[in-house]
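Hi everyone, thanks for making time for this one. I'd like to walk you through a few spots in the model, so please have a look at it with me.

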Amino acid sequence: MPVTNAPTTISLQCIRCQNSYPADEVRYLCDCGGLLDVWHDLEALRPQVSRGLFDGRLSGAPGPRVAPTVNSGVWRYREIILPATVGNIVSRPEGNTPLYEHPRLSKWVGSACLFLKHEGENPTGSFKDRGMTVGVTQAKLMDARAVACASTGNTSASLAAYAALAGIPALIFIPAGKIAAGKLAQALAYGAHTFQIQGDFDDAMQLVRQVSNEMGIYLLNSLNPFRLEGQKSIVFEILQGFHWQPPDWIVLPAGNLGNTAAFGKALYEAQQLGLVDRIPRIAAVQAKGASPFYQSYQNNFAQRTTVKAQTVATAIRIGNPVSYERAIRTLGWTNGLVTAVSDEEIMDAKAMIDGVGIGCEPASAASVAGIRQLIANGVIKPEETVIGILTGNLLKDPTATVDYHTGAWPDAQFANRPVQVAAEIEAVREMLAQRL
Ligand code: F0G
């Protein structure tokens, strides 16, 4: 495979044995079986990057033909993500997502200082765009003949869009009948070859890993370390948004553990580079029915647990997470922790987030359910600054939302039932008189 304009200041490094490989080699694992990191020479970077450098790039005005290095919340940090040249970058652009605050939600959660970073407001409606802009740019640099992923839906929606932008064929492997309607619609609409596997996400993941290796297809699951480099920008944006004064906690939903891994690496690097002088603690939140990482955490990682996953939050319905070892490293770097919440807690938290006008898909609400639980248990103090990550958009999974409000959850705390009304003015008047 010819390599065009491959970046030279980075390499791939095994997180287990530190063995290193060239960045333009297509490989996802070390010879020893360990996961790989994109390694940056932090010593060499330290004099080149600063708060001022990144702050100076914040003024990107909208307009025609604005370069992604100006208007993307990923490429703003390119020196510590992927030093690609502008002409090669595949961008929508992504990032620059809002930090919401809402008194009714904060009160329900029990926090005096809660912010929600809404990654569902990325171009395809999830945080995956931040990883995919980097992954597909790298695929282009490597002249990949096709790109592929297994997915619970959001990765495939994002891959389909970015591959379409770049003009590279996309192959996606999804568990049949187990991804939300909005996500399947996106994959089909963006023209991806869509394979509905008669199994779960973990089966799809195993199959795509095998065929990618056999057929020279570039794999863009979060196994691919370039994806995680892009996802680090969520943390860089949070730190920059707080003027480089870090919050106390960042709490996120955890499935395949890509984000958990990326967040730890971002915080470690930000501190090493002198961008911040302390770092927040990370709390990773799993759904109880899909909580292999939580179960391993509970036994101090003495053994790796895998499960047959089941949860309403289909995005995190994963029983054998790929970035397991990288995520353990995040806990060490950030004095982090792991917890788990029930589907009922997830759906009630989602209804609260939706009900204040923000809105998210079920998996995202695990972060808020987790914050509420950790505050109730005294782990997070009410006065500490907490950032919850909302990972996906409300419109991704309309079925879960409508089910909640129309009686599928007997104990639903905030169901907003639609009312049937005859098409007659008297009936409408009577109904309104009762409501107002
Ligand atoms: N939230 C949403 C909305 C997701 O789509 C995912 C992962 C996660 C949280 C969990 O993030 O895997 O980094 O721990 N979705 C993947 C997919 C697996 O295929 O779209 P993670």
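Let me begin with a question: which atom of the ligand is 2.8 Å from a polar backbone atom of Leu257? It's an oxygen atom of the ligand. Before going on, please keep in mind that this is a predicted model.

Staying with the ligand, an oxygen atom is also 2.8 Å from a polar backbone atom of Asn256. How much of the ligand does the protein bury? On its own the ligand exposes 470 Å², and the protein buries 99% of that. Around the ligand you'll count 20 residues, and the closest are Ser151, Thr155, Gly255, Asn256 and Thr391.

Now over to a pair of helices. Helix 13, residues 343-355, and helix 14, residues 362-376, have axes that come within 8 Å and cross at roughly 95°. Angles of 65 to 115 degrees count as roughly perpendicular, and so helix 13 and helix 14 are roughly perpendicular to each other. Who makes the contact? Helix 13 brings Glu345, Ile346, Met347, Ala349, Lys350 and Ile353, while helix 14 brings Pro362, Ala365, Ala366, Val368 and Ala369. By type, that contact has 9 nonpolar residues, no polar ones and 2 charged.

Last, some backbone geometry. Most residues other than glycine have a negative phi, and most peptide bonds are trans. With that in mind, look at Trp244, which is not a glycine but has a positive phi of about 65°. You'll find Trp244 in the loop between helix 9 (225-241) and strand 10 (249-253). Then there's the cis peptide bond joining Arg92 and Pro93, with omega about 10°. Pro93 sits in the loop between helix 3 (68-71) and strand 4 (99-100).

Terms used
Residues numbered from 1 in each chain as written. Predicted model: local features only at pLDDT ≥ 70, side-chain atom pairs only at ≥ 80, totals over all residues. Heavy atoms only, no water. Axes fitted to C-alpha atoms, helices over the stretch in contact; angles between N-to-C directions. Helix = DSSP H or I, 4+ residues; strand = E, 2+ residues; numbered from the N terminus. Parallel < 35°, antiparallel > 145°, perpendicular 65-115°, else oblique. Contact = heavy atoms within 4.5 Å. Nonpolar A, V, L, I, M, F, W, Y, C, P; charged D, E, K, R; others polar. Near = heavy atom within 4 Å. Polar contact = N/O pair within 3.5 Å; in protein donor to acceptor, adjacent residues only side chain to side chain. Areas by Shrake-Rupley, 256 points an atom, 1.4 Å probe, with all protein chains shown as cover.
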